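Work through the two exercises below with the sequence and the 3D view at hand, and try each task before you read its solution.

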Amino acid sequence: MSQHSTEIVPFRLDGGYGNLAAWEVAPPLGAPPRGTAVLVPGFTGSKEDFQALLPLLAESGYRAVAYDQRGQWQSDGPDEVEGYTMDDFSGDLLRVVEQVAGDEPVHLVGHSFGGYVGRVAVVAKPERFRSFTLLASGPSSVQDINFPPPSLVAQAVETGGQEFIWQQMSTAMFAAGHTPAPERLDFLHNRILATKKANILGILRTMEVPPLSDPAQLAAAGVPLLVAYGDTNDLWAPEVHERFAEQLGARQVRYPGVGHLPNEDVPEQVCADLVDFWTASVA
């Protein structure tokens, strides 16, 4: 993989089911290495959600890796819903960490549902992580969230498939005043259609219960924590994130006027905050 620029380099990882599509960006040649960061996308997302952020992290001295979770976009995944349990997702993450970093712990960033997966992995193997950032990832999908009950969404997906999810997402996007360029809209639409229906249903099933029965489990893991979030109430109100950060004893960062995708909307600020946090975490 290239070490000469902060270009995105595609590669493949071994997941618990099959190959996981991944991107890596290495620090510039000659830059002192500061560690490895692994970034995990959320529900209906992919590694492309970090396209703006990865090169910035590399320029700051970090090797940055993002991957599509099983059944998402370009990653392999089973056709059965039973192949998408939280143990499957968190197991994949731990396999990724081992492959990209060996015995060295990594800085973990989980966006939305990726933060759910990250919580379970951090509690299972805290020694594998230097730090953990919950990026726009609230306590759960069953209370204090502007999202229909996952079981109801799953019923609609059973009938309408990936296209149903796309119609819901695009309607919400336009209602919020977001008007992506046509090529961006095409990508988002194609990504949903390429994501396995079983992935969508499996994630909705896992979202019917909180990722951890007690947030104190995460605090007790002893890994430095950051809760970073936009404040436009896209899914969780800022007060929900604030309470969650206090429960966890976590550092917190709030992005005014930003929604559920600070990694896309304000990547430079997110990068700066991550680097500050990571630097403090290893001091």
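**Exercise 1: strand partners**

Leucine 134 has valine 227 as its bridge partner in strand 7. The model is a predicted one, in which local features need pLDDT of at least 70 and side-chain atom pairs count only at pLDDT 80 or more, while totals for chains, interfaces and linings use all residues. Residues are numbered from 1 along each chain as its sequence is written, and side-chain values use heavy atoms, with hydrogens and water left out.

Task: Which strands pair with strand 6, and over how many bridges?

Solution. Strands are DSSP runs of E with at least two residues, and helices are runs of H or I with at least four, numbered from the N terminus; two strands pair if DSSP finds at least two bridges between them. Strand 7 (residues 225-230) runs parallel to strand 6 and is joined to it by four bridges. Strand 5 (residues 106-111) also pairs with strand 6 in the parallel sense, over six bridges.

**Exercise 2: an aromatic pair**

Task: How are the rings of phenylalanine 89 and phenylalanine 113 arranged?

Solution. Rings of Phe, Tyr and Trp (its six-membered ring) pair if their centres lie within 6.5 Å, and planes under 30 degrees apart count as stacked, over 60 as edge-to-face and the rest as tilted. Phenylalanine 89 is buried (under 20% relative accessible area; exposed is over 50%, partly exposed in between, with a 1.4 Å probe and protein chains only), at 0%. Phenylalanine 89 and phenylalanine 113 are 5.4 Å apart centre to centre with 85° between the planes, an edge-to-face pair.
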